[in-house]
Amino acid sequence: MTSRAPLIDTHGRTVRDLRLSITDRCNLRCVYCMPAEGMPWLAKDDLLSYEELTRLARVALECGVHGIRLTGGEPTVRAELPTLVRMLHALAPGLDLSLTTNGLKLVELAPALREAGLVRVNVSLDSLDRARFHQLARRDRLADVLAGLAASKAAGFAPIKVNAVLMRGFNDDEVLPLARWARDEGFELRFIEWMPLDFQRQWDRAKLVSADEILATLASEFALEPAADDDPSAPARTFHYRDGSGRVGVIASVTRPFCGQCDRIRLTADGQLRTCLFSVREYDFRRVMRAGGDDDAIEALLRAAVLRKEPGHLIGQAAFVQPERGMSAIGG
Ligand code: SAM
Ligand code: SF4
């Protein structure tokens, strides 16, 4: 549905992927993401409405964006999520519309989301051990995630990706158990390196389990080969199991940044656009829309933001500043 010029930044990257955070709230409290209590939630009126989200998405699609991912916080805690999916799907029926979720509400929602036009789901799961899951997510809900995954399969989502964050001393011994389980279940597992985006600012490089380390552990049991169809702009490096039983990936955001190929922009639940997870600048689309700005005004701000897209994040360098908002407020 391109009717406006593409969004190209000063480093020659074209924006094709829009991440919409639709709430900062969550029904878990993962230790690498949020504190146990005391999160300052956004007020309801500050959240973009489904109409506002759809309008912004439409202008982005007109500028050549191909894919939209719904995230949060936990996107499934927002009321009537299938309604938003239906509204976005109606913009472009072939749209690559996906959801990142902790899976707790998929038993209830998977069929309605599929019917509304959702194409893909990514479910986050960091441990297969009930006590360990409880410790990591601070809620005893492993069974609900597993049931949500089964419901997604039954609803026809394929492939289903499972995201796992490893922390040394917590769940770094689960590389092989998670990989064996995902192979058996037919899920594509991706290990994500822990990034300095936790709300409580306790990120510690010593607790990060690197992609190289994870791949070495995988190689101790499985024969892997790089997937030939890996999308260079996708954050995951993907591998095939040589025996043909699926794929596994690593997202090495910290140790092997992929900023040079980044084609993403993100909108926070309160309508602030960020051109990088680690941006220290935000662009206020809520204000533009609520002040009566027309579609051209939305496009102009999109273009201004994209022009200033950062060449890359600076994790590990002296100039690195952890953004004020955490992952759950930005939209992972
Ligand atoms: N609540 C949903 C979920 O957990 O899938 C969607 C939002 S969550 C912020 C998106 C992804 O970011 C999840 O896979 C989560 O594990 C990951 N994540 C959260 N905090 C992170 C951090 N500090 N570093 C790396 N990944 C993180
Ligand atoms: Fe919630 Fe997702 Fe953050 Fe866990 S990672 S606390 S599920 S937003």
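Does arginine 86 count as buried, partly exposed or exposed, and at what relative accessibility? In this predicted model, arginine 86 has a relative accessibility of 40% and therefore counts as partly exposed.

The side chain of arginine 86 meets that of glutamate 115 in a salt bridge, with an N to O distance of 3.1 Å. Arginine 86 belongs to helix H2 (residues 81–91) and glutamate 115 to helix H3 (residues 106–116), so this pair ties together parts that are 29 residues apart in sequence. Glutamate 115, at 59% relative accessibility, counts as exposed.

A further salt bridge joins the side chains of arginine 130 and aspartate 140, at 2.7 Å from N to O. Here arginine 130 lies in helix H4 (residues 130–137), while aspartate 140 is placed in the loop between H4 and helix H5 (142–155); the pair therefore ties together parts that are 10 residues apart in sequence. Arginine 130 counts as exposed, at 56% relative accessibility, whereas aspartate 140 is partly exposed, with a relative accessible area of 34%.

In total, the structure holds 27 salt bridges. One of them is formed by the side chains of arginine 4 and glutamate 62, with 2.8 Å between N and O. Arginine 4 lies in the segment before strand E1 (17–21) and glutamate 62 lies in helix H1, so the pair ties together parts that are 58 residues apart in sequence. Both arginine 4 and glutamate 62 are buried. These two residues also belong to a network of salt bridges with shared partners, which includes Arg55, Arg58, Asp295, Asp296, Glu299 and Arg303 as well.

Helix H1 (residues 50–62) is also the place of glutamate 52. Is glutamate 52 buried or exposed? With a relative accessible area of 15%, glutamate 52 is buried, because the limit for that class is under 20%. A polar atom of the glutamate 52 side chain lies 2.8 Å from the backbone nitrogen of serine 49. Which residues does glutamate 52 touch, not counting those up to four places away in sequence? They are Leu47, Met289 and Arg290.

How values were computed. Residues are numbered from 1 along each chain as its sequence is written. Chains are lettered from A and ligands numbered from 1 in the order in which they are written. This is a predicted model: local features need pLDDT of at least 70, side-chain atom pairs count only at pLDDT 80 or more; totals for chains, interfaces and linings use all residues. Side-chain values use heavy atoms; hydrogens and water are left out. Helices (H or I, at least four residues) and strands (E, at least two) are DSSP runs, numbered from the N terminus. Buried means under 20% relative accessible area, exposed over 50%, partly exposed in between (1.4 Å probe, protein chains only). A polar contact is a pair of N or O atoms within 3.5 Å; within protein, one must be able to donate a hydrogen and the other to accept it, and residues adjacent in sequence count only if both atoms are side-chain atoms. Contact means heavy atoms within 4.5 Å. A salt bridge is a side-chain nitrogen of Lys or Arg within 4 Å of a carboxyl oxygen of Asp or Glu.
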